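Please work through each task before reading its solution.

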Amino acid sequence: QAQDIAAGEKVFAKCKACHMVGENAKNRVGPILNGIVGRAAGTVDGFKYSPAMAKAGADGLLWDEANLSGYLRDPKGFLKGNKMAFAGLKKDEEVVDVIAYLESFDAD
Ligand code: HEM
């Protein structure tokens, strides 16, 4: 399936209530997502994670494409006890595209 960054930017509208990306991004309800693809879970400086997310990262959970897909599809099902209050994306295409969009922002 082809990745579509522009479509991913539109999907990211669903995330913006809680997350920022790009230059001048700050932690809000959720952590900054710059550089998230490939990063260890629960490791953005200054963000207060749930114990479940912090432990998952310490235990080695990496946000590669497979794990991000699972989490974004079904946040609560993927990681019990995490505090992201989001129902999940319903379509594979939305997941693939939003990950492509996130990949376009390096860690800073
Ligand atoms: C955590 C992505 C929607 C609140 C995360 C993480 C990712 C992510 C990748 C893990 C971050 C890390 O380990 O550093 C997304 C995407 C969304 C979305 C792509 C839209 C498709 C939302 C919404 C909210 C939210 C709408 C608020 C209602 C949070 C919170 C955490 C989090 C509070 C921390 C979870 C914890 O510590 O247990 N999100 N998110 N997210 N997100 Fe989202």
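The model is predicted, so local features need pLDDT of at least 70 and side-chain atom pairs count only at pLDDT 80 or more, while totals for chains, interfaces and linings use all residues. Residues are numbered from 1 along each chain as its sequence is written, and side-chain values use heavy atoms, with hydrogens and water left out.

**Exercise 1. The ligand shell**

Step 1. The shell comprises 26 residues, of which Cys-15, Cys-18, His-19, Ser-50 and Met-84 come nearest; a residue belongs to it if one of its heavy atoms lies within 4 Å of the ligand.

Step 2. By class, 19 shell residues are nonpolar, five are polar and two are charged. Here Gly counts as polar, and Cys, Tyr and Pro are among those counted as nonpolar.

Step 3. Helix 3 (residues 65-73) supplies the largest share of the shell, three residues. Helices are DSSP runs of H or I with at least four residues, numbered from the N terminus.

Step 4. The side chain of His-19 places an N or O atom 2.8 Å from a nitrogen atom of the ligand. An oxygen atom of the ligand is 2.8 Å from a polar side-chain atom of Trp-63, and a ligand oxygen atom lies 2.8 Å from a polar backbone atom of Lys-83.

**Exercise 2. The two faces of helix 2**

Task: Determine which residues of helix 2 (residues 51-58) are buried and which exposed residues lie on the face turned away from them.

Step 1. Apply the cut-offs for relative accessible area: buried is under 20%, exposed is over 50%, and partly exposed is in between (1.4 Å probe, protein chains only).

Step 2. Met-53, Ala-56 and Gly-57 are buried. They lie on the same side of helix 2 because they cover an arc of only 95° around the axis, taken from the directions from the helix axis to the C-beta atoms.

Step 3. Pro-51, Lys-55 and Ala-58 are the exposed residues on the face turned away from the buried side.

**Exercise 3. Two individual residues**

Task: Describe the setting of Asn-24 and of Ser-69.

Step 1. Asn-24 lies in the loop between helix 1 (5-11) and helix 2. Asn-24 is exposed, with a relative accessible area of 61%.

Step 2. Asn-24 has a positive phi of about 65° although it is not a glycine. Most residues other than glycine have a negative phi.

Step 3. Ser-69 is in helix 3 and counts as partly exposed because its relative accessibility is 25%.

Definitions and conventions. A polar contact is a pair of N or O atoms within 3.5 Å; within protein, one must be able to donate a hydrogen and the other to accept it, and residues adjacent in sequence count only if both atoms are side-chain atoms.
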